[in-house]
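Grab a pencil and work through these exercises with the model open beside you. Try each task on your own before you read its solution.

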Amino acid sequence: MASNTLKRNPGIPLDLGWVRATTVNRSATQRRAATMVTRRSVKKDWQAAWLLRAITMIDLTTLAGDDTPGKVTRLCAKARMPLRQDLIDALEVESLNITVGAVCVYHQRVKDAIAALRGSGIPVAAVSTGFPAGLNPYAQRIEEIHQSVEAGADEIDIVISREHVLRANWAALYDEVCEMRRACGDAHMKAILATGELGPLWQVARASKVCMMAGADFIKTSTGKESVNATLEVGLTMVREIRAYQRMTGYKVGFKPAGGIRSAKDALNWLILIKEELGDDWLRSQLFRFGASGLLTDIERQLAHHVSGRYAASHHMPMA
């Protein structure tokens, strides 16, 4: 959720000239993404500090067919206390009260998550609008947003109609996202682009720009259900559009990579990308999130190694 000092992106009128003028140098983007992770190395105490920060930016997620109230309750317990007590003590971070950035669930589990997180200050995010394909009848997709907001969701992760991007129907995409933003009301909206299904990078860039013009609070790479999800190449393309939008309008839009981010090393790579391309302002949960389910386990394992010098088995860092 945005802090009181962060002005929410209200959106701007659709500027088709700006959209159509957007291009991406694919080879340069690929080179930058490939070298970004080899030029910087974060070690020892600095690495531990970065990983602790990463925990606070995780949208701890369960989006499976076997989600039950009990499963969500256990996930929320982990969200409240993402590190084992012995690690908290060894790292001397008790006073930081570290929690994850949010818990992300299907609409049917929103009330379960709210009940389990009551008093924690951790937001509940609901995936909506026919997640993950976004092919439900349009009126039904809008109604899903209303229902999740009424159930108490603080954030709504919507999926765009990929068809609008693939057909370069930018006005239709803009109108759709504007209506979804209105349906969200005070709940913050993350627009999922499903970049693995959008084709070339310039289409990703243009879709990013249109969603921000329509008032998205965050733009998000993927649902996590596509064959290709978050990649540094796509992430670099999207965050550069965020930077361009901020320079043009003065409003800061958040970024959320999702899908396939499972290791502490992955998390560090994404944090390096954000720091180098957007700066330290974006290294907080108000403007950056990881969409992940298994990432926390590996971060906790790496922090245990930092403390003890030994790698623990993953089952010593259970999610619940």
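**Exercise 1.** Are Glu300 and Lys78 buried or exposed, and which parts of the chain do they tie together?

*Step 1.* Both Glu300 and Lys78 are buried, where buried means under 20% relative accessible area, exposed means over 50%, and partly exposed is in between (1.4 Å probe, protein chains only). Keep in mind that this is a predicted model: local features need pLDDT of at least 70, side-chain atom pairs count only at pLDDT 80 or more, and totals for chains, interfaces and linings use all residues. Residues are numbered from 1 along each chain as its sequence is written, and side-chain values use heavy atoms, with hydrogens and water left out.

*Step 2.* Now look at the side chains: Glu300 forms a salt bridge with Lys78, with 2.9 Å between the closest N and O atoms. A salt bridge is a side-chain nitrogen of Lys or Arg within 4 Å of a carboxyl oxygen of Asp or Glu.

*Step 3.* Glu300 sits in helix α13 (residues 295-308) and Lys78 in helix α4 (residues 69-80), so the pair ties together parts 222 residues apart in sequence. Helices (H or I, at least four residues) and strands (E, at least two) are DSSP runs, numbered from the N terminus.

**Exercise 2.** Describe helix α13: its span, its buried residues and what covers them.

*Step 1.* With 14 residues, α13 reaches 20 Å from its first C-alpha to its last, close to the 20 Å expected at 1.5 Å a residue. That expected span is 1.5 Å times one less than the number of residues.

*Step 2.* The buried residues of α13 include Leu295, Leu296, Ile299, Glu300 and Leu303.

*Step 3.* Their cover includes α3 (44-55), β1 (58-61), α4, α5 (85-91), α12 and β8. Just after α13, Gly309 takes a positive phi of about 85 degrees.

**Exercise 3.** Follow Glu155 to its salt-bridge partner Arg289, and then to the network around them.

*Step 1.* Glu155 and Arg289 form a salt bridge, the closest N and O atoms being 2.8 Å apart. The pair links distant parts of the chain, 134 residues apart: Glu155 is in strand β4 (residues 155-159), and Arg289 is in the loop between α12 (264-277) and β8 (290-292).

*Step 2.* Check the burial: Glu155 has a relative accessible area of 2% and is buried, while Arg289, at 0%, counts as buried too.

*Step 3.* Zoom out, and you'll find a network of salt bridges linking Asp59, Glu155, Asp157, Lys190, Lys220, Lys256 and Arg289. Within this group, Glu155 and Lys190 are 35 residues apart in sequence and 7.5 Å apart in space, C-alpha to C-alpha.

**Exercise 4.** How many residues does the largest nonpolar core have, and what does Phe255 touch?

*Step 1.* The largest nonpolar core has 97 residues. Such a core is a set of buried Ala, Val, Leu, Ile, Met, Phe, Trp, Tyr and Cys residues joined through side-chain atoms within 4.5 Å.

*Step 2.* Among the residues with the most contacts inside this core are Phe255, Trp270, Ile274 and Ile299.

*Step 3.* Leaving aside residues up to four places away in sequence, Phe255 touches several partners, including Phe218, Met238, Trp270, Ile274 and Arg289. Contact means heavy atoms within 4.5 Å.
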